[in-house]
Structure formats: C-alpha cells, structure tokens
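Subject: Structure handover

Hello,

Please find the structure below. Notes on what was found in it follow.

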Amino acid sequence: MTARGLADRLRAAAPPPLFLLAFLGLALLLYAPAWSSPATTTLRRGDGDAAIIIWFLRWIPFAVEHGRDLLFSDHLNVPGGVNLMWNASLPLLGLVLMPLTSRWGPVLTFNVVLVLANGLSAWAAYLAIRRFVPAHLAAAAGGLVFGFSPAIRGQSNHPHISFAFLVPLLLLAVHEILVRQRRPPWLAGPLLGLLAGCQLLIGEELLAATVLFGVLLLLVLLVSYPGALLDQRRVAHAVLAFALAGAVGGLIAARPLAVQFAGPQRVNGDITRATYANDLLGFVTPGSPQLLSSPRTAGQVRGFAGGNAAYLGVPLLLVLLALLVRGWSRPVVRVGTAMLLLAAVFSMGARLRVGGRATTVSLPWAPFDDLPVIANLIPSRLAMYTALFAGLLLAVFLEAVWQGGGWRRVAAVSVAVAVLVPLLPARLVPAGKVDTPPFFTTAAVRRLPQGSVALVLPFANRRAAKAMTWQAEAGMRFRMTGGYVIVPTPDGRPRYDANPNSATRAFGAIQRGLPAPELTGEMRRTLAANLAGWGVDAVVVGPMPHQGTMVRFLTDLLDKRPTLVDGVYLWTNPEVRAPRTPART
C-alpha cells in the first residue's frame, strides 16, 4: 500500500467520535493528578474557586430533590441568600450531571467537568472547522489550538469560562444563517436560540462575548461582501432565522434573566473587580504554564495583567503570516484573519500594554467599558476567540500544504508539530486531597437539624472557601453564614463575600493569625447581636490555621466547651455569655 493510500485510509477511519475520545483522553491526562482519587482529590484541595463550583454543582440536585429554586439559594449568606444568576452557578451542567453528583459526590462531578471542558471544547472547534476544512487531521489540529489553548486551560478553576464547547457551534450557526443558508430559517434559527439558551445556563459571560463576536462577524462580512449579503432573499432568510432564534432563546432565558435582574439579592454595577487585559508581548512570551518557558519569560509573564492567556507562540504566528500572504484570495482566510485580529485587540483591553506597562495608546475596547452587560466581560478572556480563529487558520494552512502531495505532506506534519509543541503545558494540573472532616460526610452531621443555620469556621469568603465544599459534601443539610459569592451591598453594588460585621471581622482576624479581639462587654453584646441576626443554631470549627485560637475565643464567648466530633469542634444551641456585672460594695 502506498503512503498516500495509507493516509487516505487513516483519514477515513477517523470519524468524529474517535476524535472526541482522543480529546477527552488528552484532557484526562492533563488532570491525571485529580483522577488518582477523583471523589476526594481535586484542584486546590477543594478550596478557593474550586469550592464555588463544587458548591454550585451540589446545589442543583439538592434543589431538585427538595423542590427549591434552582437560581436562588438561602443556604449561603444567611439570612439574605444568594442570587445564583449573578454567580457562576452552571445550572445546566448541574442538571445534566445530577446523577453523578447524587451517586459519587460533587468533587467527582467537578473533576468530570474539568475533563469535559477541554475535551468537548476541542471537539466542538474541530467540528466547526470541518465546515471550512474537510480534512480530519487538519481540523483536529485546529481544535487542539482552541480547546487546550492557554486561554482556556488558564480558566480551569472557572468552568463557566473553560466549558466553551458551545462557542464554536454558536458562531457556526451564525455563519449558517448569514452566509451558507443551506438550512431553512425555521430550523437554523431555533437551533441558534437553543444553543444560546444553553450557553446562558452554563456561562452568561461567554454568551455575551459570543453575541459580541457574532455581531463583529456580521460587520466583517458586510464590509467584505456587501452585495452578496444584502440580497433581498438572503436578508429575509437571515431576519426570519434571527427572529426565531430570539423567540426560542427568549423563552429559555426569560426565567433566569427575571431572577437575575428583578429577583432578590440582585446587584447593580460592574461585577469585575480588576482589569485583566492581555499584553502585546503575551502572544509570543511563554509563561510558566508552557513547556517552552524559561525563568526569564515566566517572570516576564507574571508581570502581565492578563497572565499567560494570550500566548500563541512564534511558530503559529509565522504560519498565520504565511497563510495571509499566500492565501489572501480565499474568503475564509480574509474573514478568519479579520476576526482573529479583532479578538486579539479586544483581549488587550482599553489601553495598550507592552512588557507589563500600560501605554497612553487607547484601544477599541475602551467604549465597551460603559455598555450594559458587556462592561462585565474580562478582556483577557477574549483570547479564547483569538485561539479559535487561529485554530481555523492553522487548519486551512495544513490542508493546503498537505494537498500539495509528496514532500509537502512531511512539511505539513512538521509544521503541525512545530506549532503545537510551544502550546504544550509544562506540567499536569496539580491537585490535592480535599480535607473535608468526616463530620460532614458521615451520620455525625445529623447533629445539625435539617435546614438549621450553622456558623462554620473558617468563615467562608474569597480567602478561605473550603467550608462551602464541606457544606456541599454534607448534602446541603444545613444553611450557612458567609460564602465566597457575589452579593449586593446595602446600596446594591456588587460585593464578593458576605457584608461585613463585627463577627466576620473578628473571625477573619483570627484566621489571618492576628490576635483575637478582647471580649469586652460591648464586644459581647455586638457579637451576640450578629449571631442572633444570622439565627445561628450551631457553631462548627473545622481544620484551619490558628484553630486553637479560634476554639479558645469561641469557648470564652459562648461560655462552654465544645464537643469534638469526627474532626470538628461543635457547639449546639450557642448563646453568647452576657458580660458579668461588677459586684456592688
């Protein structure tokens, strides 16, 4: 058999399901440390951002089983609760993966989400690219560039961003409606609306960003082919399809958006707390997550506001430049290049940054900072769209070279290797054992009545969120003060963590290793009011830094010793001891 015949057979024997398995296998390898014990081991030991997602994945089964609202919870931030639509709550993933969570727990489900995020994102990009590049292997290389890009890998703690498999499909549906028009509008339109509604229930930020890039795609096409797109029949087809998409998407989004913008605990204002934008040098400078980084480049990238998200590597950029020169006559090259450049520029935010320093040069993103919804986007995350269009253009290049036959096929393979090696991660994603005390995973937790309010320490906030994982692994048996969540301040502005009071400040000081506050009479009365305002039925102190100081402080405050139960210190029916009245002489 000739080399060409073998290659043709290999291509014919590689249908999409095999590539799906390959992409999922690569993702499983990437997160292998967590899969050493997937029900008890995960990223950051279940603390920080991982705790938020673990909690959200557990809330959905609990809410379904107990007839609770899927989009609002009173189990955090007692007594106010949490509007989950203002948080990365992933309700659709929670529903789909509910059988896993109910059977094996939320930590395992979180690990499954990590694998699916990269694997499905790469596969969806591969499927979308095949509309323009029929060759399986070339399209798969493009899928790898997107699904395993630094922009997506760097968001592994944020599945509402890294679970991006609908992004290529949404843009593909927009292309179908605007350009291809091979499907009737009554089919293409509702399908787009369904995809958009599903994306809303996975990650609203990605939906907003994809709508933005859908509009940009429309503008690029209008500029490039005004005569073709403005044909009366084509316009009618597109208008009807988009109208149907809006109707279907609106039906799905009506309830979630009503909860978000008119429900309890809604917030007003920009929920992003810092400006994360990519550096111009970030596209060619490998950070520590990359295999080819060095101490010098890693140190340089640490000074970039957007971190390693923009990185594509010099070989890929050279390929894109060569394609631009040789293939400019092809519509897919012109449109793809325009979209890539727009994504790259937008990902750099409102001001050009070079080498970690902001310049005075304004960029096109500046006007978007004042737009509703769009203002909440984090510019650096838009680098995933740069990676998506880079993957498309890479596939176009590889297919063109391969079709030349002979030595050019060796060259195509060599180029693919040269492009993909710089994108390889430097290491597998580290994981650690979740230190949930047995109290929360055994019958001992029944000491807390169902639905009672527990003050769990360390107090859950952005610095220490593992109490949220403990609550999730306890099956949401109790409600909890605090939480690493977005809630409104008294004037409605967004705030991460519960609104502070004397108790949260006292607990926070002890958690940070500061001296415990003096329990004066006034302090006791204030803390008593705080605990009463929360309606605390029990106090639980789990493993934490400075645990001894916390236990001594609470023992003095509550005037009774705790019970040590399965790894935690427990006070039930806590009452703050009133200050002693000095004896009269």
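Helices (H or I, at least four residues) and strands (E, at least two) are DSSP runs, numbered from the N terminus. This is a predicted model, in which local features need pLDDT of at least 70 and side-chain atom pairs count only at pLDDT 80 or more, while totals for chains, interfaces and linings use all residues. Residues are numbered from 1 along each chain as its sequence is written, and side-chain values use heavy atoms, with hydrogens and water left out.

Pocket

Four helices, α10 (166-180), α11 (185-200), α12 (204-224) and α14 (232-262), each supply at least two residues of the lining of the second largest pocket. A pocket here is an open set of points on a 1 Å grid over the protein atoms alone, where a 1.4 Å probe fits, with protein on both sides within 12 Å along at least five of seven lines; lining residues have an atom within 4 Å of a point. The lining has 27 residues, and A196, L207, A208, T210 and V211 lie nearest the pocket's centre. By class, 19 of the lining residues are nonpolar, seven polar and one charged (Ala, Val, Leu, Ile, Met, Phe, Trp, Tyr, Cys and Pro count as nonpolar, Asp, Glu, Lys and Arg as charged, and the others, Gly among them, as polar).

L240 is found in helix α14. L240 is partly exposed, with a relative accessible area of 43% (buried means under 20%, exposed over 50%, partly exposed in between, with a 1.4 Å probe and protein chains only).

The structure holds 18 aromatic pairs (rings of Phe, Tyr and Trp, its six-membered ring, with centres within 6.5 Å; planes under 30 degrees apart count as stacked, over 60 as edge-to-face and the rest as tilted). W86 and F261 form an edge-to-face pair, because their ring centres are 5.6 Å apart and their planes lie at 80°. W86 sits in the loop between β3 (82-83) and α4 (91-96), and F261 in helix α14, 175 residues apart. W86 is buried at 9% relative accessibility, whereas F261 is partly exposed at 45%.

Cores

The largest nonpolar core has 146 residues (a core is a set of buried Ala, Val, Leu, Ile, Met, Phe, Trp, Tyr and Cys residues joined through side-chain atoms within 4.5 Å). Helix α18 (residues 383-402) gives the most to this core, with 14 residues. Apart from it lies another core of 25 residues, including F459 and V536.

Regards
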